[in-house]
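Thanks for coming. I will go through the chain contacts first, then look inside one chain.

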Amino acid sequence: MVAENSTQPISVTLRVWRQAGPAAPGKFVDYPATNVSPHMSFLELLDVVNDGLTLKGEEPIAFAHDCREGICGTCSCTINGKPHGPGHGVATCQIYMRAFSDGDVIIVEPFRARAFPLVKDLVVDRSAFDQIIQAGGFISVRTGAAPDANSIPVPKGDADLAMDAAACIGCGACVAACKNASAMLFVAAKVSQLGLLPQGQPERDSRVLAMVGTMDALGFGNCTNQYECSAACPKAISHDFIARMNRDYLKASVRASFKPAASSATGGA
Amino acid sequence: MAQLDSRIPAGPLAEKWRRHKTEIKLVNPANKRKYEIIVVGAGLAGASAAATLAELGYKVKSFVFHDSPRRAHSIAAQGGINAAKNYQNDGDSVHRLFYDTLKGGDYRSREANVHRLAEVSVNIIDQCVAQGVPFAREYGGLLANRSFGGAQVSRTFYARGQTGQQLLLGAYSALSRMIGAGGVEMHTNSEMLDLVVIDGHAKGIVVRNLLTGAIETYAADAVILATGGYGNVFNLSTYARGSNVTASWRAYKRGACFANPCYTQIHPTCIPVSGDYQSKLTLMSESLRNDGRIWAPKKKEDAKKDPNSIPEADRDYYLERMYPSFGNLAPRDIASRAAKRVCDEGRGVGETGLGVYLDFADAIKRLGEAGVRERYGNLFDIYHEITAESAYQVPMRIFPAVHYTMGGLWVDYNLMSNVPGLFVLGEANFSDHGANRLGASALMQGLADGYFVIPYTIGDYLAGQKPGSRPSVDAPEFKAAAENIRGMTERFLQIKGKEPVSHYHKRLGKILWEHCGMARTRATLTEALKLIPALREEFWANVKVPGSADTLNQSLEQAGRVADFLELGELLCLDALTREESCGGHFREEYQYPDGECKRDDVNFAHVAAWEFQGAGKAPLRNIEPLNYEFTKMSVRNYK
Amino acid sequence: MNLAGRIFGSSIGRKVIMAITGVILTGFVIGHLVGNLQIFAEPDHINGYGAFLHQLGPLLWVARIVLIASAVLHIWAATVLTMENHAARDVKYGVKHTLRATLSSRLMRVSGVVVLAFLIYHLAHFTLGFTQAATFKESLPLYTLGTDFKVAGFITVRAGTPTFDVYNMVVLGFQKPVVSLFYIIAVGLLSLHLLHGADSMFQTMGWRSEKWAGGLRKIVVLFCLVYFVGNLAIPGAVLLGKLQPHEPARAAATR
């Protein structure tokens with residue numbers, strides 16, 4: 001690593017996964033980059049490399065990005081074998097070149113999981129996450145039907161813990177880091193956020209059952225409690241939430257099997 | 001000449017919205033499912049609108065260019081959302097929020113709209129809490145508040161430094177619920193490239209599927225644009241890289257008026273630029289100004305010194321000096337201009353001389369480092385990541401950056417543009433912030449429009465449209481629009497010039513920042529109006545767009561967006577040139593008081609300038625909607 | 001879906017199966033070790049213990065069935081989960097770094113398979129007598145218990161009862177270094193397996209949190225260490241000559 005305040009430019013080689021489409025064969029291609037300012041962000045380096053490729057008449061590297069401040073969850077590179085690259089609690093867009101040394105070969109790959117099929121180069125399709133949320137990652141409240149906000153007090157500790165879980169940006173680094181491509185941290189974060197709040201209680205059981213069921217059906221792997229997910233998470237979301245979800249799932253499974261069901265008739269003239 | 005009927009309801013200010021809701025036409029519940037509504041964009045405004053309309057029973061199609069509806073740039077809003085809850089018992093009220101917002105907008109917004117915004121602000125907080133948004137709480141379990149610029153009460157609700165994220169995820173969860181329930185058909189990776197207008201009504205859109213390149217057409221009974229602001233016309237801004245004006249701009253070219261494009265907000269507290277490779281400016285939340293003190297050296301020769309070595313007596317806490325009652329919490333436009341003035345005087349700090357200090361030394365003395373860390377830890381971390389400096393030890397360096405655009409497509413009180421059936425919500429419209437937006441008001445407006453305004457007002461339009469009268473995508477207008485887009489795409493690929501798209505975007509941004517940034521003059525604007533068309537011509541002759549049209553092609557996407565920026569930039573300068581006054585985010589150096597404050601001209605410019613497209617190569621038409629202040633007296637904005 | 005469907009059909013359910021069967025099997029290996037450590041006392045102890053277990057009759061079979069079922073379910077769940085996990089990442093990374101996964105967690109599959117292989121061998125060796133038939137308990141002269149064998153104060157096997165000579169079988173068996181070595185490697189891997197397994201069980205059941213994860217880890221490490229040392233002690237003592245076959249004179253001459 002370059003000294004923190006060094007402004008000496010460095011030279012690196014990007015070894016990037018190139019793949020024209022889902023069915024096309026992929027391979028690593030080397031792109032040398034010289035005179036790189038350590039204050040440049042990693043994605044800005046990709047911009048510069050891409051402009052160079054464009055001028056040479058080659059197709060630029062497709063990579064997902066948007067906000068470039070670590071909150072939208074769009075960027076998704078595995079850099080030197082680590083989702084979102086070196087650094088702790090940051091996304092790819094928050095990696096600066098000062099994290100690398102002169103002469104480094106930087107290996108850039110997409111997030112890899114069967115549930116995240118590759119689109120092109122470094123871009124993958126993470127719509128599976130949306131499907132999991134659609135299965136139950138919400139509180140069913142119609143617009144306009146809400147009571148006054150302060151009529152539902154929430155203990156500060158619970159609210160803060162819910163916020164810890166809610167910080168998830170839906171980037172998929174947890175899946176990318178897990179040796180089993182498991183989505184447990186993502187699902188657990190949402191299940192826990194809503195399960196910790198009083199507003200989330202009515203659907204607590206149905207939510208965890210539906211979300212876990214969808215997660216399983218989408219082809220994510222299983223949790224082996226190695227906690228690679230939370231280590232890679234750009235928001236450092238704790239795997240404690242996975243334990244919480246496991247407990248919720250078990251309880252909900254038992255309750256769903258033994259609780260008497262109400263007849264669903266809706267009468268009225 | 002466009003008909004600009006604001007359709008502001010009659011009656012006392014506080015009664016207008018209530019009365020309007022009872023008087024506008026409704027669509028009966030059984031008929032709602034017969035109407036299809038297209039919603040473009042899924043930020044706060046778009047997602048909340050799509051979810052709510054689907055809950056009401058309308059068939060909704062939602063389109064985003066992102067890979068998921070959770071990515072829109074609303075997610076990056078840090079500080080908070082205003083609401084007139086008066087939970088702090090500090091004298092807040094709907095009227096006070098209304099007044100602050102109106103005054104903050106330098107009396108260039110519509111009274112009735114702003115009042116409605118203040119009224120529904122309280123419902124937004126209720127709605128979001130019920131959805132499970134984890135707002136900050138006090139130990140008793142009730143909601144906490146903080147204060148923000150331009151207000152003397154604590155009315156800002158927040159979720160750490162990620163309020164926008166939490167509100168967006170709330171709206172996204174509501175939207176997801178309706179997608180799961182079949183009420184919303186979601187189209188991700190779909191960029192709107194044209195509006196289809198049939199018999200004068202907006203009846204559909206043309207989109208490009210960004211993954212396959214397919215040009216697709218969709219018909220509907222009404223079209224809602226919630227596509228955000230156009231700040232990326234400056235290239236460097238706090239916007240997401242993908243944020244663009246294309247949807248709004250293409251609607252403009254189909255007849256929708258573009259109002260007040262010159263009202264651009266420059267946020268005072270961003271991390272300064274470090275090099276020409278830079279793609280993005282990062283905001284440091286305005287909430288930092290609650291505890292941080294902004295200063296610059298009094299003497300030019302101190303500008304390059306270690307800030308900690310500059311004695312107290314040689315520091316100029318210029319905001320506290322100039323605006324003693326608001327101090328560091330002066331509104332954004334004022335704080336930004338003050339920073340610019342200091343730097344123009346040669347007292348700017350950092351390598352480029354374009355920066356001032358935001359100092360937490362006093363806050364650390366008062367609260368301890370741990371106290372400061374608890375409040376702002378994540379922001380200090382962001383600062384450290386980007387600059388490799390610790391703001392606990394040396395003051396942050398900050399400089400203003402483009403952050404928000406108050407201008408946008410013109411809409412009436414129902415949020416409908418002058419093209420019937422085309423509605424515009426959130427930052428994409430022009431209506432509520434006037435010439436300057438106060439902090440924590442953007443989230444409020446986006447959600448107000450989506451959750452609480454459009455669900456009522458769209459019925460007024462749809463009730464006049466026969467169910468089932470929606471045209472088919474086989475109509476010639478759809479075919480022609482799709483053909484036009486295919487042609488444009490082909491044209492980009494055929495230019496095969498010598499410069500990448502980014503080259504033109506950078507140059508355009510530089511022109512705008514220098515000629516139409518924090519301060520504008522007749523001369524700079526006239527100059528820009530020569531430079532931009534020339535640049536545009538060069539772009540169309542010399543841009544290089546690699547790859548093909550039938551696959552994911554990010555250069556092609558960017559080319560379309562920059563092409564639109566190159567047109568918008570010109571309109572922005574034209575609007576700035578013709579608005580011969582200073583107000584809010586629009587500062588014309590010719591029009592200022594001796595102390596450097598904005599000099600408004602309420603006699604000649606108390607109006608909305610709504611520009612109407614007249615065809616390629618022709619000067620656009622400047623329509624006027626007068627701003628009638630029935631209840632408030634326009635006064636000189638004073639934060640001293 | 002019913003409860004069985006949710007438990008057997010879901011990822012979390014299968015992990016719970018792993019956890020619960022793991023607890024049962026862990027309980028067994030602890031009991032097994034405690035029983036075996038009686039070898040360090042007079043032969044009367046372990047031989048009396050053996051006779052006591054045989055005396056349990058149907059209860060012994062219940063225990064055996066529970067253990068076999070647990071082992072089968074544990075292996076089934078592991079196999080199914082592993083296959084799904086492999087399928088979940090169809091294209092591998094060119095380069096992939098481990099961020100924090102412990103060695104024991106990464107060796108679960110290897111340790112599990114070796115332990116299974118060892119288990120089969122161990123049963124063949126000491127329970128069924130397929131290997132080292134000459135020193136199998138049924139081949140050795142019967143042993144006459146010198147003292148009463150008591151469990152919780154109650155006499156369960158009276159002095160003078162002829163029993164299998166478990167003591168000599170174990171000692172003679174471990175006198176072969178290859179056998180001992182395999183045993184030591186296997187219990188080493190089993191301890192490693194338990195290290196991640198026991199910790200993991202708390203996470204899967206939802207009882208673990210960062211607040212006490214450090215303490216839990218220490219307890220688990222200590223437990224696995226004690227377990228390993230305890231198991232190491234028997235072949236170790238035999239190889240070092242500390243444990244010798246007892247005098248044949250004290251064994252019954254005939255069977």
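Contact here means that the C-beta atoms of two residues, placed from the backbone, lie within 7 Å.

Before going on, the conventions. This is a predicted model, where local features need pLDDT of at least 70, side-chain atom pairs count only at pLDDT 80 or more, and totals for chains, interfaces and linings use all residues. Residues are numbered from 1 along each chain as its sequence is written, while chains are lettered from A and ligands numbered from 1 in the order in which they are written.

Of the 2 pairs of chains in contact, A and B share the most contacts. Chain A puts 70 residues into that contact and chain B 63 residues. On the side of chain A that touches chain B, α1(A) gives the most, with 7 residues; helices are DSSP runs of H or I, at least four residues, strands are runs of E, at least two, and both are numbered from the N terminus. That side divides into 34 nonpolar, 20 polar and 16 charged residues. Nonpolar covers Ala, Val, Leu, Ile, Met, Phe, Trp, Tyr, Cys and Pro, charged covers Asp, Glu, Lys and Arg, and the others, Gly among them, are polar.

Now inside chain A. Strands β1 (residues 10-19) and β2 (residues 26-36) of chain A run antiparallel, joined by 9 bridges; strands pair if DSSP finds at least two bridges between them. β1(A) and β2(A) form a hairpin, with 6 residues between them. A:Thr13 has A:Pro32 in β2(A) as its bridge partner.
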